Amino acid sequence: MITSNQIRAARALLRWSTEQLATHSGVGSATIKRFEAMEGIPSGRTDTLANIYNSLKRAGVVFIGDLETNPGVQLDTKKHQAYLDSLK
């Protein structure tokens with residue numbers, strides 16, 4: 001699972017807009033904005049959250065901490081660069 005704060009923080013690390021995350025995840029930008037406005041784990045379809053999670057992870061985001069008490073993200077710069085190279 002993923003929290004709304006992790007989605008926002010991951011987008012910031014990648015310097016992605018909601019539209020860019022929508023393109024990479026196949027999830028509508030309005031849905032992403034709605035999820036980001038929620039507190040904690042967004043209520044929604046599990047497969048939709050999984051698409052967001054997987055697209056961020058492919059781009060090099062590492063999800064850390066416990067979802068309930070200290071969820072976080074960090075960027076694996078080598079994996080992120082490899083991801084960028086794969087888009088060329």
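At what angle do α1 and α3 pack, and how far apart are their axes? In this predicted model, α1 and α3 pack at an angle of about 120 degrees, with 7 Å between their axes. Two packed helices are described by the angle between their axes and the distance between the axes.

**Helix α1 with helix α3**

- The helices α1 and α3 are oblique to each other, because an angle counts as roughly perpendicular only from 65 to 115 degrees and as roughly antiparallel only over 145.
- The crossing in which α1 passes α3 is left-handed.
- On the α1 side the contact is made by Ser4, Ile7, Arg8 and Arg11, and on the α3 side by Phe35, Glu36 and Ala37.
- Sorted by class, the contact of α1 with α3 has three nonpolar residues, one polar residue and three charged residues.
- Arg11, one of the α1 residues in this contact, has its place in helix α1, which covers residues 4-14.
- Is Arg11 buried or exposed? Arg11 is buried, because its relative accessible area is 16% and buried means under 20%.
- Apart from neighbours within four places in sequence, Arg11 is in contact with Trp16, Ser17, Thr18, Leu21 and Glu36.

**Helix α3 with helix α4**

- Helix α3 spans residues 29-37 and helix α4 spans residues 46-58.
- The two pack at an angle of about 95 degrees, and their axes are 12 Å apart.
- The helices α3 and α4 are therefore roughly perpendicular to each other, since the range for that label is 65 to 115 degrees.
- Which residues meet here? Thr31, Ile32 and Phe35 of α3 meet Thr48, Leu49 and Ile52 of α4.
- By class, the contact of α3 with α4 has four nonpolar residues, two polar residues and no charged residues.

**Helix α2 with helix α4**

- The angle at which α2 and α4 pack is about 95 degrees, and their axes lie 9 Å apart.
- This angle makes α2 and α4 roughly perpendicular to each other.
- From α2, the residues Leu21, His24 and Ser25 meet Asn51, Ile52, Ser55, Leu56 and Arg58 of α4.
- The residues in the contact of α2 with α4 divide into three nonpolar, four polar and one charged.

**The nonpolar core**

- In soluble globular proteins, nonpolar side chains tend to be buried together.
- How many residues does the largest nonpolar core have? The largest nonpolar core has 18 residues.
- Those with the most contacts inside this core are Ile2, Trp16, Leu21, Ile52, Leu56 and Val61.
- The elements that give two or more residues to the core are α1, α2 (18-25), α3, α4 and β1 (61-64).

**Val61 and Val73 in the strands**

- Val61 lies in strand β1, and Val73 lies in strand β2, which covers residues 72-75.
- Val61 counts as buried because its relative accessibility is 2%.
- Val73 also counts as buried, at 17% relative accessibility, because the cut-off is 20%.
- Leaving out residues up to four places away in sequence, Val61 touches Ala10, Leu14, Leu56, Val73, Gln74 and Leu75.
- On the same terms, Val73 touches Gln6, Ala9, Ala10, Leu13, Val61, Val62, Phe63 and Ile64.
- Val73 and Asn5 are 68 residues apart in sequence, and their C-alpha atoms are 9.3 Å apart in space.
- Val61 and Leu87 are 26 residues apart along the chain, and their C-alpha atoms are separated by 16 Å.

**Residues on either side of helix α1**

- Where is Thr3? Thr3 has its place in the segment before α1.
- Thr3 counts as buried, because its relative accessibility is 4%.
- Not counting residues up to four places away in sequence, Thr3 touches Gly40, Ile41, Pro42, Leu67 and Pro71.
- Arg15 lies in the loop between α1 and α2.
- Arg15 is exposed, because its relative accessible area is 75% and exposed means over 50%.
- Arg15 is not a glycine, although it has a positive phi of about 60 degrees.

Conventions:
Residues numbered from 1 in each chain as written. Predicted model: local features only at pLDDT ≥ 70, side-chain atom pairs only at ≥ 80, totals over all residues. Heavy atoms only, no water. Helix = DSSP H or I, 4+ residues; strand = E, 2+ residues; numbered from the N terminus. Buried < 20%, exposed > 50% of the residue type's maximum accessible area, 1.4 Å probe, protein only. Contact = heavy atoms within 4.5 Å. Axes fitted to C-alpha atoms, helices over the stretch in contact; angles between N-to-C directions. Parallel < 35°, antiparallel > 145°, perpendicular 65-115°, else oblique. Nonpolar A, V, L, I, M, F, W, Y, C, P; charged D, E, K, R; others polar. Left-handed = near helix turned anticlockwise from the far one by under 90°. Core = buried A, V, L, I, M, F, W, Y, C linked by side-chain atoms within 4.5 Å.
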